[in-house]
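Hello,

Here is the structure I promised to pass on to you. Please open it beside this email, and my notes follow below.

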Amino acid sequence: MKLSQAAAAIFASAVAVSAFSPSKVPISRNIGTRTFVPKFGTSLAMTDSAVVDAETVEEGETFEFQAEVGRVMDIIINSLYSNRDVFLRELVSNAADACDKKRFLSITDGDTASLAKPQIKIKSDKDAMTVTIEDTGVGMTKSELQNNLGRIAQSGTKKFMEALGEGKADVNLIGQFGVGFYSAYLVADKVEVVTKSMQPDSPQWRWTSDASSSYTISEDKSDPIDGSGTRLILHLKDDALEYLESAKLEELLQHYSEFIEFPISVWKEKTEYKQVPDEEANKDLPEGEEPKMKTVPVTTEDYELMNTNKPIWLRSPSEVTEEEYKDFYQSAFRASYDEPMAHTHFSLEGQIECKSILYIPGMLPFELSRDMFDEDAKNIRLYVKRVFINDKFEDIVPRWLKFVRGVVDSQDLPLNVSREILQKSKVLSIINKRLVRKSLDMIKEIESDEDESKYIMFWNNFGKYLKVGVIEDRRNKDDIVPLLRFFTSSSGEEYSSLDQYVENMKENQKQIFYVTADGRQKAQMSPAAEKVRSRGYEVLYLTEPIDEIMIENVPEYKEFKLVDVSKEGLTFDDEDKEERKKKEEELNIDHKAVKDYLEGALAGKVQKVKMTDLLSDSPAALVQSAYGMSPTMQRYMKAQNVAAGGSDAGMMGSFNQAVLEVNPTHPIVQDLERMVRSQGEESEEAKTFAVLLYDVAALTSGYEIEDSGDFAKRILSMMTSKSKSDIRDAEVEAQHVAQEPVDDNHENI
């Protein structure tokens, strides 16, 4: 169901939630009609002439809603909230506001006696199918019941703040939308509000409504409220009976309201085990011996405190100990066995007020080990004045910081009326930038730690996220790139940074060389990397599929161009490009026969064949053209295509056919050259040899063999040929031995 334009205008102009919130400043009202008239413009409310003074309204009188008001109530109940669990969050927030107002008014009026034990109690009754939420707050008079509960989008909290004057009082009220009270109807078909104001000699009143077209106010003679406060009784719907379970209420309170300032208690049944004398076993007990005991369960019912955690983000960082930071992290994020690697505690002041604590976990959270961007991963918990709002806002931090955990508490966040949806705004952008900056500061702090193993642990857990940051976060890319780590041809088992690579560069070197492969060992085997290593240059090993996408976003670092050694046309800074081109042309002319033969034998497999003197140990290497995809990326794209329902066969076409670079000084290439000259181009042995040369180059360069069956046949053919040759050699050797003369002096044994 979508909101109508009129309803949307109402909610846009309404300001936050509190049902149990009278204004301190009394408002005089004229006696007029007793029907409610919707007033559009600021909120849906009674006109002043429609408000009846409490002294003139008879006990138990019923007030009718206008049809438009009933319609808006239907929208609130059925469409405004996406998750009905939030009813408890809204009602507990209202109760906390009432307690906070009472505390403030008692202090300003000098009535400190009224400050005794502000608290909120919740009790379910399975027989009556009710849930009762009771607070010892400020309470309401009869006229305040009408004004606060009889008007939709009318906020007693907002009026209270306006009466105090902005910024003139130290009072932290949560609710400002005048619709939060009606979230009760998400789970209840009837609501009763029993309340007693803290004003002197105020009677106890009962407000009752089933969210239809009317509500009733009458003087209440039931269980009296001690002092002042409000008792909210929800008569649950048949499909909401799960909220009768204390475990469910406890779960919701721990989720939404664990940091509310005032104590929240839930009526629970407890079972304890006690040692008592075993009468049966002690019947014949000799005198003087200790009686035998037995363990029996004892069930009791009592209120149990729920919100034992403290919101340490509201305190000054200088007042919080390291142990408190650790305990808060383990408790708030249910990470008992994880100690955070780093934390930061800060606040924003000025036009935007925000307090926050961020953590870098000590280990990869379980949900992220299955999916690095798991939508159910709850990393940043958003609070508004201690009340939990949500932990699934995508725009609060970029997704490359999905691993960072923390809390953000701000009353300036642009929430919708139900406080469930975070709307895009300049405020959100400012908070986002600050969270990213603080997260980067934490990472840099770990990197600069004297214990290098800390950053290695961080990189092993969260390095992939930084690579995503390079790809997706252009604003902070330059800060992320120095934090990247790679294996290199010179680093062995250790990681190296780009700064370390630059520091170790040869004199006059102006390029940073890298190669992509599936793992460090395959990168070391790569003939393309061999071309660079043989000349004394260090090579970065990019060993994950995401690396190739990431490195495209880092064309240079500190004015040094990053160069993929597996691409065609590799040149070095210490040689003339024209000389290099001339030398390759000469090689191609000198070995034209074998070059042309390979191009014919490998037609459809390679784009072209060229001779090179850059290879030292390998007979050949496969390289891509300037815009071709590496074998690692080709496999990734094929997997994506198959996952999308396509075929992996031939999806790349001839675009990604590689270039075969051949080392003419290698013995294998020289053997092939002799075969071509002696046996001719139609020789099956030469063709098999040529295709095997391609297969070996493909495997060592990171490609996959397209037809493993044919590859096996070629290997077997070569082995058979070698075996036959060895047998013929053995037969010739045997014949030669047999024809040698026998020594007459030799004795057979």
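Asp201 sits in the loop between β4 (188-196) and β5 (204-209); helices (H or I, at least four residues) and strands (E, at least two) are DSSP runs, numbered from the N terminus. The phi of Asp201 is near 60°, a positive value in a residue other than glycine. Asp201 is exposed, at 80% relative accessibility. Here buried means under 20% relative accessible area, exposed over 50%, and partly exposed in between (1.4 Å probe, protein chains only).

Before you read on, please note that this is a predicted model: local features need pLDDT of at least 70, side-chain atom pairs count only at pLDDT 80 or more, and totals for chains, interfaces and linings use all residues. Residues are numbered from 1 along each chain as its sequence is written, and side-chain values use heavy atoms, with hydrogens and water left out.

Met129 also has a positive phi, about 60°, although it is not a glycine. Its place is the loop between β2 (120-125) and β3 (130-135), and Met129 is partly exposed, with a relative accessible area of 27%.

Now to the aromatic rings. Rings of Phe, Tyr and Trp (its six-membered ring) pair if their centres lie within 6.5 Å; planes under 30 degrees apart count as stacked, over 60 as edge-to-face and the rest as tilted. That rule gives 25 aromatic pairs. One of them is the stacked pair of Tyr182 and Tyr185, with 6.3 Å centre to centre and 20° between the planes. Tyr182 is buried at a relative accessible area of 2%, and Tyr185 is buried at 1%.

Phe513 and Phe572 make a tilted pair, 5.8 Å centre to centre with 55° between the planes. Phe513 belongs to strand β16 (residues 511-516) and Phe572 to the loop between β19 (560-564) and α16, so this pair ties together parts that are 59 residues apart in sequence. Both Phe513 and Phe572 are buried. You will also find one aromatic cluster formed by Tyr256, Phe259, Trp313, Phe328, Tyr383 and Phe388.

Glu578, Glu579, Glu585, Glu586 and Asp590 gather in a patch of negative charge on the surface (patch residues have over 30% relative accessible area and no salt bridge, with like charges joined within 9 Å and nonpolar side chains, Val, Leu, Ile, Met, Phe, Trp and Tyr, within 5 Å; a salt bridge is a side-chain nitrogen of Lys or Arg within 4 Å of a carboxyl oxygen of Asp or Glu). Glu578 lies in helix α16 (residues 577-590) and is exposed, with a relative accessible area of 58%.

Best wishes

How values were computed: Areas by Shrake-Rupley, 256 points an atom, 1.4 Å probe, with all protein chains shown as cover. Lys, Arg positive; Asp, Glu negative; His and termini not counted. Charge placed at Lys NZ, Arg CZ, Asp CG, Glu CD.
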